[in-house]
Amino acid sequence: MRRNRLGSSGVEVTELSFGAAAIGNLYSAVEPAQAVAAVDAAWDEGIRYYDTAPHYGLGLSERRLGEALRGRPRDSYVLSTKVGRVLDPLPDSGAAPSEGLSEGFAVRATHRRRWDFSAAGVRRSIEDSLERLGLDRIDIAYLHDPDDHAEAAFREAYPELEKLRAQGVIGAIGAGMNQTGMLTRFVHDTDVDVVLCAGRCTLLDQSALTDLLPAAAARGRSVVVGGVFNSGLLADPRPGATYDYAAAPLNVLDRALRLKAVTEGHGVPLRAAALHYPLTHPAVAGVLVGTRSADEVRDAAALLRKPVPDELWDELRDEGLLTENGH
């Protein structure tokens, strides 16, 4: 599988990466053996970039990913995690499972997530992640969702990541968000290597083309794109499908169905076109897909191998379904 370098760093990622939120019991429980099988399938498909975070299942994703990768040559894969939320143990947390979901994850409430973009918080988060992962270094560290913490993120957290990068604890640094405005500021105003942009470089939401991707290309920074299916609609456009984690409005559903008609007219499943689309921009180093099973991993890899003719993109532009700028 093709690899791309992140900015001017020495870190290279495969074009398809394994998003490990799901194996942290996102929305529903994943059995341990299923989680290991998913990581094994990713390895067998040539995926060598794995992304996780403390937020995902209160550390469960990090622990499972570290265990599944243990025994693999450390220099043969790239792993990213995130800072900005630290996990504080709760007293008597083992007495009984929590009711429902813990911020979207089906896990026992053993810890409390606490926002912390201080320098000390970044250090503690990295140290805790290394312990959960069972590793001695992290390849990429992202500031995780600093939307409401801009001042602390730029004044304290980012400089601390720079120090950790200089010390060799981290190979590359960046920020991961569901918006483009602050990510563009990171690209313009800091020395990040990469940003992780979720849901804003897709067939349905091309807003990253306005500011983020041109800025990244101009400054030699890289973008990893997540959320290529916009939480489900581009995987299966139908009434009741979700778009950005809510029921898709009728006009957005209609647009998705129009996209599907064009892509299938070229013999390309909509899911394959959605996965390939971000990679048509030179600033995009890879796409991150969250998977919870070996079958889902193999499906994503097969979609990436599916050829997409240039004529498909041309027709989408002619139909007004793709913007002209940047592609």
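Predicted model: local features only at pLDDT ≥ 70, side-chain atom pairs only at ≥ 80, totals over all residues.

1. Helices H2 and H3. Helix H2 spans residues 60–69 and helix H3 residues 119–133; their axes come within 7 Å and cross at roughly 45°. On the H2 side the contact involves Glu-62, Arg-63 and Gly-66, and on the H3 side Ser-129, Arg-132 and Leu-133. Sorted by class, the residues of this contact are one nonpolar, two polar and three charged.

2. The nonpolar cores. The largest nonpolar core has 92 residues, and Phe-18, Leu-143 and Leu-203 touch the most other members. Leaving out residues up to four places away in sequence, Leu-203 touches a list that includes Leu-234, Leu-259, Leu-270, Tyr-277, Trp-313 and Leu-322. Arg-255 is also one of the residues that Leu-203 touches. Another core lies apart from the largest one; it has 13 residues, among them Val-13, Val-78, Leu-196 and Val-224. As background, nonpolar side chains tend to be buried together in soluble globular proteins.

3. Seven aromatic pairs are found in the whole structure. In one of them, Tyr-50 with Tyr-77, the ring centres are 6.3 Å apart and the planes stand at 85°, so the pair is edge-to-face. Tyr-50 is buried, at a relative accessible area of 0%, and Tyr-77 counts as buried at 4%.

4. A stacked pair. How are the rings of Trp-115 and Phe-117 arranged? Their centres are 6.0 Å apart and their planes are at 15°, so this pair is stacked. Trp-115 is partly exposed, with a relative accessible area of 40%, whereas Phe-117 counts as buried at 4% relative accessibility.

5. A ring cluster. Ring pairs link Phe-18, Trp-43, Tyr-50 and Tyr-77 into a cluster. Phe-18 is also one of the residues that touch the most other members of the largest nonpolar core.

6. Thr-184. This residue is found in helix H5 (residues 181–189). Is Thr-184 buried or exposed? Its relative accessibility is 9%, and the limit for buried is under 20%, so Thr-184 counts as buried. Beyond its neighbours within four places in sequence, Thr-184 is in contact with Asp-211, Leu-212 and Ala-215.

7. Val-225. Strand E11 (residues 222–226) contains Val-225, which counts as buried at 1% relative accessibility. Setting aside neighbours within four places in sequence, its contacts include Leu-196, Cys-197, Cys-201, Pro-278 and Val-284. The C-alpha atoms of Val-225 and Ala-208 are 9.9 Å apart, with the two residues 17 apart in sequence.

8. Ser-9. The loop between strand E1 (3–5) and strand E2 (12–14) holds Ser-9, which is buried with a relative accessible area of 7%. Apart from neighbours within four places in sequence, Ser-9 is in contact with Gly-171, Ala-172 and Asp-193. Ser-9 and Val-194 are 185 residues apart along the chain, yet their C-alpha atoms are separated by 9.2 Å.

How values were computed
Residues numbered from 1 in each chain as written. Heavy atoms only, no water. Axes fitted to C-alpha atoms, helices over the stretch in contact; angles between N-to-C directions. Helix = DSSP H or I, 4+ residues; strand = E, 2+ residues; numbered from the N terminus. Contact = heavy atoms within 4.5 Å. Nonpolar A, V, L, I, M, F, W, Y, C, P; charged D, E, K, R; others polar. Core = buried A, V, L, I, M, F, W, Y, C linked by side-chain atoms within 4.5 Å. Buried < 20%, exposed > 50% of the residue type's maximum accessible area, 1.4 Å probe, protein only. Phe/Tyr/Trp six-rings, centres within 6.5 Å; stacked < 30°, edge-to-face > 60°.
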